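Here is a quick tour of a two-chain model, written for someone who likes cut-offs spelled out. Have the viewer open as you read.

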Amino acid sequence: MEFFKKTLDPIIALSAIAVLDIFMFLIMGAWTVGGGETMMTGLIAKAAIGDELERLPFWNIVFPVHGDYWKIYISLGMLFGAFVGAVLSKEFYWRVPRHLSEWVLITLGGLLMGFGIRLAYICNVSTFFGLMPEMNMGGYLAMSGILAGAWVGSLIYKKLLEAE
Amino acid sequence: MSPVAECFVAFLFGSVAGLLMQRSRFCNTAALRDAIMFKTYRNTKAMLAAMMILTLGFTGFMSLGAGHPLQFDVGLNTFAGLFLFGIGMVFAGACTVSTWVKTGEGNLGALWALIFTFVGMFLFSLVWSASWWPPAPQTMTGQINAPALQLGFANAQTLQQKFGVPAIVFGLVQFAVLFGLYRAILKRERAHHAEHVKHQQEHAKGKPVETAVQNA
């Protein structure tokens, strides 16, 4: 099938996703990633430490843990869709970062992303594909933040590349 | 809609989005990082195209009172959180979306980033449980809350209510700005391409193009 042989133009791909996102907006809410991951974190923590988790007010007040939170399934769907796409296009193979420095950067990057998402209550998807198109004031604040962060991150990353 | 139906629709949307992103190699991180570091705009243009469509769609339906816009107060935490996120996504080489997509392709680095995103979220839950900041959604008022460094809530719908102008009008203004940005990128790419062709011609002939034109 031609679809799985050639790389799709990202403008076509994102335009199609945008149209679907408008349908989602009408029935449930715009595409968002971050809330689902937080709920997964809560579910994993609850499985590990049980009711002890409820001693932390965050998990009682901000994110009471329950498995039927629809945002979880957007993320699981993305994993599934990408897996199917990779397998059918014969692009699935195990990729492992080779250098210790990559692992350290990825670890730090993951921690900053997780902490940042919860501090802001939103992630980059909600910023660009949710809040900004809704013209929410938070979208402009978030965009300023992410651009400044990406710029600082890129500067540090460049320095690290030059040092290697 | 029942919670099960919502989960099903969400899974369907996620699957299509994941498939399209995998096939197009779209990455939100690249949309920002590549524009800043390498002055290349493949992903940036796609992001802008989606934002233009969404702006018209969302504000159009918001004019009619339809849709489910996100509703929560924003403030310093919004800027600070996304600032940290911006640094993190460049370090990790992926954002929350591309970590899932790359994990689906067998990228263990992306899976590692995802695991530590969860750890970062849990660490924040500890910090929040001690500080109670930013305010919990239940205590948000939609108004400025200076002690909590919150600016309140405003979107195209609140603008419509305040000024009596349909939300789509504000959406059209934002659309024009995004379209201007998109055109500026296209113009820059064309200029870059013309320069590249000129250099190639100079290199092939071994002398400057202007001289070759004069000799002809």
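This is a predicted model: local features need pLDDT of at least 70, side-chain atom pairs count only at pLDDT 80 or more; totals for chains, interfaces and linings use all residues.

## Confidence and ground rules

pLDDT is the predictor's confidence in each residue, on a scale from 0 to 100. Chain A averages a pLDDT of 95, and 100% of the residues score at least 70.

Residues are numbered from 1 along each chain as its sequence is written, with chains lettered from A and ligands numbered from 1 in the order in which they are written.

## Chain A

How much of chain A is buried? Of its 164 residues, 53% count as buried. The cut-offs go by C-beta atoms placed from the backbone: a residue with 20 or more others within 10 Å of its own is buried, one with 12 or fewer is exposed, and anything in between is partly exposed. Two residues are in contact if their C-beta atoms, again placed from the backbone, lie within 7 Å. Taking contacts in chain A between residues at least 6 apart in sequence, 54% join residues at least 24 apart.

## Chain B

Chain B has 9 helices and 2 strands, and from the N terminus on the order is α-α-α-β-α-α-α-β-α-α-α. The C-alpha trace of chain B spans about 75 × 50 × 40 Å along its principal axes. Its radius of gyration is 23 Å, whereas a compact globule of 216 residues would come out near 17 Å. That radius is taken over C-alpha atoms, and the globule rule is 2.2 Å times the number of residues to the power 0.38.

Of the 216 residues of chain B, 48% count as buried. For contacts in chain B between residues at least 6 apart in sequence, 58% join residues at least 24 apart.

## Where the chains meet

On the chain B side, 106 residues are in contact with 112 residues of chain A. Several elements of chain B give two or more residues to that side, among them helix 1 (3-24), helix 3 (42-63), helix 6 (108-131) and helix 8 (167-205). The chain B residues that touch chain A divide into 68 nonpolar, 31 polar and 7 charged. Ala, Val, Leu, Ile, Met, Phe, Trp, Tyr, Cys and Pro count as nonpolar, Asp, Glu, Lys and Arg as charged, and the others, Gly among them, as polar.

Helix 2 of chain B is worth a look here. 7 of its 10 residues are buried, so helix 2 of chain B is largely enclosed by the rest of the structure. The buried set includes N28(B), R33(B) and A35(B). Those buried residues pack against helix 6 (124-131) and helix 7 of chain A, together with helix 3, helix 4 and helix 5 of chain B.

## A helix pair in chain B

How do helix 3 and helix 8 of chain B cross? Their axes come within 8 Å and cross at roughly 170°, which makes helix 3 of chain B roughly antiparallel to helix 8 of chain B. Axes are lines fitted to C-alpha atoms, for helices over the stretch in contact, with angles from 0 to 180 degrees between N-to-C directions. Under 35 degrees counts as roughly parallel, over 145 as roughly antiparallel, 65 to 115 as roughly perpendicular, and the rest as oblique.

Residues of helix 3 in this contact include L48(B), M52(B) and L56(B), and those of helix 8 include F170(B), F175(B) and Y182(B). The residues of the contact divide into 14 nonpolar, 7 polar and 1 charged.

Most residues other than glycine have a negative phi, and most peptide bonds are trans. R25(B), not a glycine, has a positive phi of about 60°. R25(B) sits in the loop between helix 1 and helix 2 of chain B, and is partly exposed, with 16 other C-beta atoms within 10 Å.

Just after helix 2 of chain B, K39(B) takes a positive phi of about 55°. K39(B) lies in the loop between helix 2 and helix 3 of chain B and counts as exposed, with 10 C-beta neighbours inside 10 Å. The peptide bond from W133(B) to P134(B) is cis, with omega near 0°, and P134(B) lies in the loop between helix 6 and strand 2 (150-152) of chain B.

Note on methods: Helices (H or I, at least four residues) and strands (E, at least two) are DSSP runs, numbered from the N terminus.
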